[in-house]
Structures are given as C-alpha cells and as structure tokens.
Amino acid sequence: MKFALFVGCKIPALVPQYERAARAVLGRLGVELIDLNFGCCGYPSRHLRLDAYLALACRNLAKASARHLDVLTLCQCCYGSLRYALHLLRHEPGVRVAVAQDLAKDDLNLSETTTVRHLLDLLARDVGFDRIRAKVVRDQHRLRLAAHYGCHALRPSDVVDLDNNPHAPTVFEDLIRATGAAAIDWPRRLDCCGAPLAESNPALSARLREVKLADARAAGADTMCTACPFCEAQLSPAAKDAGLSTLLYPQVLGLALGIAPAKLGLC
Amino acid sequence: MSDAYDVAVIGAGLAGMAAAVLAGNRGLRTVQIGNAGALLFSSGMFDLMGVHPVEVLRSWSDPWAAMAAVAHDIPDHPYAKLTAVALREAFFEIWHALDAVGLAYNQPGDCNIEVVTSLGTIKNTYCLPQTMATGATALAERTPTLLVDFEGLREYSARGIAATVASLWPGLRTLRLAYPPVGVAGETYAAHIARSLELTENRAQLVELIRPHLKEARAVGLPAVLGLSRTAVIASGMSRDLGMPVFEIPTMPTSVPGLRLKDALERAVAARHVRRIVQSRVTGVTANADTFELCLDAGRSTTPSVRAKNLVLATGRFMGGGLVADRNAIKEPLMNLHVAQPASRAAWHSTDLLDAKGHAVNRAGLEVDEHFRPRDAARKTVHPRLFAIGAILGHQDWTRMKCGAGVAIGSAAAAVTTLERDLDRTRRG
Amino acid sequence: MTSFFIPWGLIASLAIAATGIAYRVVIWLSRSVDDRATCPPASVRVAALVTGTFGSLFGPRMPRMLAAFGLDVLVQRKLWQRDRLRWLAHMAIFVGFGGLFLVHALHGVVTEKLWPGYCSTVNPWLWLRDLLGLLAVAGLALTEVRRRFSRSLLPAPKPRDLVFVALVAAILATGFLLTAAKIISAPDFERMVATYSNLSAEEQQPLKVYWQTEYGMVFPASAPDAALLKTGEEVHESACASCHSRPQSAFVSYPLSRLLRAVAVPLAAANASVVLFNLHVLLCLLGIAYLPFGRALHIFAAPTSLVAAAGAATPATVNAVARRSLALDACVRCGLCDERCSVAALWALFDNPLVLPASKLDGVRRLSAEKLIDANELATLAQGAYACTECGRCTRDCPVGLDLDDLWTALKARLASCGQPTPAARVKTASASQWADRLAASSGTNGAVARAGRLTDAPRIFSHCVQCQTCTNVCPVVAESFGPGGVDATPQRVMNLLRLGMTELALGSRMVWNCTTCYQCQEHCPAGIRVTDVLYDLRNQAYAQMSALAAIDSPAKGDAL
C-alpha cells in the first residue's frame, strides 16, 4: 500500500498533530507514504472561481498520476475538493479539455486512473478492521467518543466514497470501536460543524458549533473524535466550555496501537 | 464487487425499504439503489386498508375485513395475492426494525385508528408513530386538549383544526406561541423546531411557555415537531413536565415524521449491511442467464454497475419515474414491462376532478402473478427472478383506498419470501 | 596611504546613511498598512517603541533575541532550513564581504586592537583578504547562476536592485585590482622604501632585484641582475620581510597582477594605485551612503526584523504595527515565498502577479506609502489578497522570518476599509434586490467579466424542483438563522428564483453566501437536484460580477428580498 500523502494547508498551519499521528499510525500499519510537492487542493478557491479551483486541484492530481500513485488525504475538505475535480474531469468533456490545455502549459498531464482516498476509508477498506484489531495493544475502553463525520467526505455521495450510505454511515463508529473505545450515537453526528463560515459569518459558525457540542455532550460523549483539520480547529476551542475534549482519530488509534503520545502530538 | 448480490432492489420508497429490510433479516446479500425521496412525502402513518369502495367513501375500522372485501371485489388488487397472516407478520417485522433504531410506532393490532390531521380532518390509519397514537387516544376519549401552534409555521393553524373538528371534539382550546426560532423572513420550519427541541434547555423553555395556558386541559397537542430523533424521549419528558400527555398531530408533507421515517429506514438498512447507492439512477437493466446487470448513471455514481441474481422493482409511480406517461401511453421505462392501463388516453381522467370513483390513470400499473412477478400482456410471468412491488402495481388506488403501506410492505414480503425460497432451492439443488 | 575622500567623504556618507536610516525608522513609526481608522497615532507608536525596546532588551525575552541574532542573523538558520543553495550563496557573500568589512575596512578599530602586530601586507591578512573577497565574488556568481538556471515559471520579483549588486561587485573588483596594481607599482615601491627604510641607493638596488624576481614588482628598467639576488634577499629580510609576506599569497590579486604586467609602466605613470585606491574608497563610501536605499537596506532591516520578532511581546502590542512596516523593508525579495505559495498557479490564470507573496508585499508597500491611487490597482491587489488561502507556507518559509500571515491579515482589513472587502462581506452591504438592480445595470457595461455560470444556465439542472421544501428542512443555516437579520431566502426559494428566471435576485442573497456547503440539501433532494453545486455556481457568478463593479459606497443594510 503506497500513497502520495496530501497533507494540505490547514494541517501544517493549525493542526500539525494530525499529520504526526497519521504518519505514526500508518507507518505502524504498513502503509507507505510518498511526499510530493503538492499545492493547495483548491477548496478555498472554489467559492470564487471554478477555473481557479480546477487549476489548483488538477495540478495536484497530475503530480500524483505522473508517479502512478493514488492520493491519500487527511483533510476531508481536500478529499472532497480533489474528488470533485476528478468527477468533473470524468463527466464533463468541456472541463477535461480545458484542464488538459491548462496543465500542458506547465508540462503536466493527467491520467484519470488516479484516485483519491481519505484516511478513514483507507483504514476501513484497505487496512481492514481485523488487521487493526490484531494490532491493538492498549484497549481504549475509557473513551466515550462522539464521531464527528464532517461533511465533505460524506457528501455528495456521487462524488465521494467514504461510506456506503451517507444518510446512515457506520465507518467512523466502526473504526472507533476497533480501538476498544465506545462510539456514542448522537442525533447531530452528520451535521456541519460550521467551519466554512468561520470568517464570513462568525456568529452563525459559532452557533452551529455550539449546538453540535451540546448535542454530543447530552448524548453522553466525553470526547469529540474528528478526522478533518477544519472540524478539529473549529470544535476544539469551544469544546472545553461544553465539557468535552477533542481527539483526532489517528491519535485514538495511535494510543490503541501503543504508540507514545508524544509521537501522536499529544502532550 | 465482482460477486453478484442475491437481490437488487431498485427504489427506496416504503416498498423498496421494506424489501431491503426483510431481505437483510433473512441474511440475503442485498444492494439497494435509489434516493429515498418518496419517504420525505410520507405523513409518517402506515395505512393498511381504510376506504372501500372509494365511490361511497366507506371507511372501515377493521382493516382485515376491509382487506378481504377488497380482495373479493377487485380480483386484481395486490391484496388478492396476499394473506392476512403474511401481511400481519410483515408489518410486525417492519415495526420491530423501526423500533430497533429508535423510531417508536404503536404496535400494529386488529383495528384502524382515527387521528385528527393538521387540516382538522379525521384520518383512518393502521400503524402510526407513538406520539401520534397518543393523540388518537385523546380524540377517542374526547379529552379536553390544548392545541398549540407556532408563529411563522405555515400550513398549521391550531384554531383551524379546532374549528374544523369542533363538532366531533369539543373542549379544544388553542395557543399560538412566538417560540424561537422564528427565522427566515418571519417564517419558521417544523424541521428546525424539531431539531431545536432535541436540546433540553429548549424543551424546558417551551414547556414553560405552555404551562401558564394549560388551565383545564388534560392533554397538549403540538404539530409534529418533537425532535428529528429521540422523539420518545422528548415526548415523555415534556409529558412528565406538564403532567399530562403531549401528542403530535401529523402535518402536511414534507413533514418531520417523513424525515424521521427516512432516517430510520436508512439506519435499519445500514444495520443489515445492505449496500446502498443513494443519489443515482439505474439507466439500464440487462438480464443474463443467472443474473441481472444494472447500469448506473455514470454522472451520478461512483459505481458503474452492479449484478444481482434477483431484481425487485420498487420504482414507484410517476413522480419517482417508475412509470412514465407520454401523450399516448404509460410505459415502464426500465425494462419496458407491460403496464395495465385504460384503453385510450381519453379514459385516463374523469372530467370531474373530484369524482368519487377517482381516476383510471391512478389505477394503471404493472400486473403481477401470485408471487409479485410482472406479467406481460398475455398474462405470462416475464422472468422468474424479476419482482415488482409497491405503488408501481396496477389495480390499486392507494391514496384513495388508504392502502399504501399495506401494499408496499405486503408485496415486499411476498417477493422476498419467494426469492428467498428460490435461492435456497438453488443452493441446495 | 590616506584617501582624498577621508575624512570628509566618510563623514558625509555616514551622515547620509544615518539620515536615511532615521528616515526609514520614521516611516516604520508613521506609515502602516493598517486601516487608517484603527491605526494608533505616531506619538503612541513612538512611546510604545521605546517602552517595548527597553522591555525586550532588559526583560525575559532577551535570551530569545540573542539566540535570534546568533542563529538567524549570523548563521542564517532559517535560510539553511529552507534552501541550502541559497544559504550557501548568501553565506559566502555575508562571510566574505562582512569579513572584509570587519577585518579590512575596520582594521583600525577591530583588527589592530585584537592583533597589535597587524599589517595589511602580511599573512594571514594578505591571503585572508583575497579569500574573503573570492568568497564574496563566488557568492555573487552563485546567485546569478542559480537565478538564471532556476526553472521557475513565476514572474521575477521587482527588478533586482542592480545598483546594489553593482556597488558590491565594484568594491570587490576594485579591491582586487588595487592589490594587483600595488604588486606591480614601482612608485609604491619607491614610496615605501623612502618612508619605511633608510636604505641607501646602493642597498636599494639588490632589493629591487629581489622584489622584481620574487615579489612580482615591475620596474621600468630592464632585466634584473641575478647576482644581486642573494644580497637583495638579505636586505629584504632585514628591512621588509616583517611587514611583507609573499604577494603570491594573494592568490587572486597576484595572478591578476601578472595579467596587468604588460601595462605596468603606463599604469604607474597614471598613478593607477592611487586612483584605484581612491576609487575603492569612494565606492565604499557610496556603499555606506547607499545603506538606507534599495536592497542595501536589508543589511540593517533584516537583522532588526529578526531580532524584533524574537523579542515581540505576546499578545501583540502597538509595536506590531511598526513591525509590519519594518517587514516591508526587511523583505529581500528572494522569491522563496513565491516558490512555496500553495496557490502560485493562479497568478497565470488571473494574469495577476499580486497573487504571489513577494509581489503582493510590494503592493502592500505601495499601499502603505499611499502610492496606490488607481481603483484598478486596488482591485488587483484585492484579488491577490483574497486568492490567498492563509496556508502559512510563505510565513513558515521566509528566511528573514517576516510574519507574512500577519501582514496579509492587516492587508485584508485595510482593503475592507478601502471599499474592497471580501466577497462575503461585500454582499452584506446591500440587500439582494439592491444587488439585482446594480448587477442588471452593470452587466452590459463590462464585457470582460467572465460568466462563470455553468449550472444555472441549464434548465435541466433545476427544472425538476417541485418546491417540496426538503432542502430547507435539512439546511443547518436556515435552522440557526434567527430573527430579521437572518437568511433572506431559503435554498428552496433560491431554486424557485432560478425557475422563474430571476437569477440576479439570487446572486446577492444571504443564503448564497451563508451556505456552509455541507451538501445536506443535495444529498436529500428527492428530485436529485444539485442544490449545493448551484449555490456554489451562484457565488461564482456573484463574485465575478461584483468584482467588476466599482467600490461600494456607504453600506445599506438590508435583509429582505
């Protein structure tokens, strides 16, 4: 299992522990990660101009496909963004032609056999629950986690492929349970955390976050479990006031695998 | 997946979902394709058999007797191919499945139940959310009730309900609350009220707004807003705090109970490891020797095709695209199956929109054998492993007859029973 | 040998340098990129600077500042971490030229104090000067070669400061030439013998022979008499050797002197060494005077910025404003930020170099100097500012440690106050119907605005909408938008506007800009309508059309359609 790791922009800037933990965990599970010179995934540009978004997203895809590698993302927005670009390339001939012309200026071309994966779906499908459970040495039974799915890896379901059913996904809870931790069922688990509005409408963004945290707490969780730096950066500042802490999934998995907390970005 | 599924269900309305749940219960490897949009239009209530004959609007309190009457009077009605025993069992299975994912319906029994709707009319139904069943009890006992509505909530007026049903149910008082959130341009939405009530502090606030107005009421009726989930908890909590039953009145679609039902069925299906393909359509079906190959809309799916040994068509009627009408005829678009329909276009509709008999076009649909397998014009079964269930079936007018859920669940059960038996036979033989 | 230009030239150049630097400090304390309205007055900033400096120098942050000086200024750790080749080139220039400055130019105040026996013509100083000079030249050459052969498709930052490069190169060149000229300069020999020895004419002759043979000196007379060599050596040992190492140690200047040998006599006649010496000194003085200008300023500004950043108090004080202005001068235009920028590819697409950090910083400098007068320029800068995703790579990779993140944040605030707010903020300045009027009025006048519309043009995308309200029911934005200031149109209503052919009313609606793109609507829609993709498309169209309009005047708060 070899992937081009797409770390994206948010993680090094705000949530570097996600990368640390992911590398530690994937290393332990035998997944090889290649670092290519990726740029922005294009997600922030999409709300300004579609061509800008495609220019950025497709350059990354071209770099990966030149090395015959699939892309593995840690951020769910990167995942959704790169996958939507692939979707447009596959289904909109006009887009394919325009992108090919644009990439040719930088001596790049894109093979459509590249695909984009997210950490969670890789762990569930390629690594597999049996393998994960076999490597767990420290059962995390004391944790009561509320899985926060995020939006952009779940939907729209004709573009992304995190789980079988975006209305009733189970992959994140299954992964949590594989570590021995309890996965709480909570009504708002599939709702947006509000991160995309953090700058343009902070009041609304905070409100969306607030109701999510209250809901998770009321359902009996003690920790929010995330798999996206946007969600993590959005939830963690307010989590303490709601009586919760936050953990990224690879941190939980890393603890279960017996990796030292310092290597997972936990102090 | 390279292995063929045991059964593919096309359609995610009540029939398709029931088929997927029942197939999953029997351990069959199932794939289900379709957007569960139809469920969003559900009122949340399950009709078994309510009105027959539709011309005289005779309403039945014993749905099983009604079922027998229909089977006798309309020999091609789906109920003529079902037994009451099988239908009862099927209902129970679905009821259990919903209960297991936290959506509480009252236990299906021997009689229909009467409830007040948001239009103030009385509706006859068989199985309904527990929170609405409480309201049926209040109606039956003529309990003095406080009906509450919300400022900005359209298509719901407590005063309207009280006025319309006054002759039947005196002793109703009404209360309009300016309960937050009153949102967009002075409007509020039931779904959002429901969501907000999932938080304890909001429930407490609502209770305190209602409390001073209780007076001699011994029940409180709200529109269906008691949570998108956790409805039972919310209702019992509010009932406890107010010291009397709190019930829901079914609202106009698209309604909260519809959302709850869709969510619950998706979870039920997921729990049975059914493979779901949601926002995609099947564009073509090819019948091979042992399997069906279903091609999916390439632009809307990450999966190009699936294969299955059995195929269940639960594609619904016109709105879902299960039947397509042009100016001349009604067709079944996926496999061009024979559609029973009036001899001529002119006969589709009565000239009187509100004709008591209804319109012939609503009774058009597929004809099936006793195992719910489509038949061609010569009444021959088209394919031994192809089934058709639910609203796509002809010779039934479920909206007027109030038999929608019964037809959906019953036909689904019959189809699944047959295909399971045939699969067993193939495996053993 | 004293120069014609000392002392008055030195005093003048120092005065110019001091005045120039003082002027720049005044600029840092008076100008800023920050919003005029929120920027503290100069008096406050000066006071803050004084207290801040004392607080840093004598406070707990002092060790950090020392560490920054040692690691980031002297050893250039940041550059080492970012780009080894650049580090090598710059270090060569830094050590070479800096070394020459300390050891050679300041020999009176530095070298002689530390080594009382200092003599410029004796080793190690003789070869050390050439070594340092060569190092500096190698560094300059490496810079040019790297630049020429770098495969970057990015536009070059503002034209390189050729004056600065030329000055440095000229100082080095004249230095080598001077030494080379002196090696072969008979007049200098005569002068030195007269000044530092009391040799008679007969004793001088063998010395001349020795120097001509062994030390490369060129005399107008013909071949030396080899017989006098031994005697000359003895004379040399007693009279000269203590101050004169072999000129061959000057491993650059000596070969150079060999090249000049043919014209040694005319050079001597023209007093070449004196001329070169004065030229060399003049260039050095010009260099000193040039310190506050162009690229030369980084010698002062970059270390100041690095140390100031290390000593910065948290939370940020008023001094942050000054540090921003300082950063504008401390930028050395190395272009590393451009190479690492995660949206660099957009500069070609937008045909706007201001997308790239180095050029953007230049734009910021013009803005803070109130030199950006054109609305067009402002719009171009705004486009660059809002294309930035705040990924922080430029900040992390800047070898001078500039807090570019902070600068871009200040830029955005300033742009907002200049009538170039973020698109989402701009929408709020008018109601949806006001926008509809404005955009309808303007769409005919600006043909250059590209229609981004791909979805909303195609009826098949939205015509199946039956207004079932499901999208609205599952929308978290509608759910949590209360009161009159909330969302003005639900997703369902937006779809209806499209069905009615009233797209322009949708463009300015709050719903389009408050959408969190969670895709719940699209995932639930029973008709399979791509609601979120449509909202994105409306945003794109709105952005294109609104950008084309001139800056909005006073905000008109509106919320109803």
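Visitor: In which part of chain A is Ser45(A) found?

Guide: This is a predicted model, in which local features need pLDDT of at least 70, side-chain atom pairs count only at pLDDT 80 or more, and totals for chains, interfaces and linings use all residues. Residues are numbered from 1 along each chain as its sequence is written, chains are lettered from A in the order in which they are written, and side-chain values use heavy atoms, with hydrogens and water left out. Helices (H or I, at least four residues) and strands (E, at least two) are DSSP runs, numbered from the N terminus. On that basis, the place of Ser45(A) is the loop between β2 (32-34) and α3 of chain A.

Visitor: Is Ser45(A) buried or exposed?

Guide: Buried means under 20% relative accessible area, exposed over 50%, and partly exposed in between (1.4 Å probe, protein chains only). The relative accessibility of Ser45(A) is 4%, so this residue counts as buried.

Visitor: Which residue of chain C is in contact with Ser45(A)?

Guide: Contact means heavy atoms within 4.5 Å. Leaving aside neighbours within four places in sequence, Ser45(A) is in contact with Ala52(A), Tyr53(A) and Leu56(A), and, from chain C, with Leu346(C).

Visitor: How many residues of α3(A) are buried?

Guide: Helix α3 of chain A covers residues 50-66 and reaches 24 Å from its first C-alpha to its last. That is close to the 24 Å expected at 1.5 Å a residue, where the expected span is 1.5 Å times one less than the number of residues. The helix is largely enclosed by the rest of the structure, because the buried residues of α3(A) number 14 of the 17.

Visitor: How much area do chain C and chain A bury between them?

Guide: In this interface, 40 residues of chain C are in contact with 45 residues of chain A. Buried area is the accessible area (1.4 Å probe) that two parts lose on being put together, summed over both. For chain C and chain A, 55% of it is on carbon and sulfur atoms, and the total is about 3700 Å².

Visitor: Which residue of chain C meets Arg207(A) in a salt bridge?

Guide: A salt bridge is a side-chain nitrogen of Lys or Arg within 4 Å of a carboxyl oxygen of Asp or Glu. The rule finds three salt bridges across the interface of chain C and chain A. At 2.9 Å, N to O, the side chain of Arg207(A) meets that of Glu480(C).

Visitor: Which helix gives the largest share of the side of chain C that touches chain A?

Guide: Several helices supply at least two residues each to this side, including α18 (346-350), α20 (375-387) and α32 (531-548) of chain C. The largest share is five residues, and it comes from α32(C).

Visitor: Which residue of chain B meets Asp191(A) in a salt bridge?

Guide: Chain B and chain A bury about 1700 Å² between them. Arg195(B), Leu199(B) and Thr302(B) supply 29% of the area that chain B buries against chain A, more than any other three residues. The rule finds two salt bridges across this interface. With a distance of 2.6 Å, N to O, the side chain of Asp191(A) meets that of Arg195(B).
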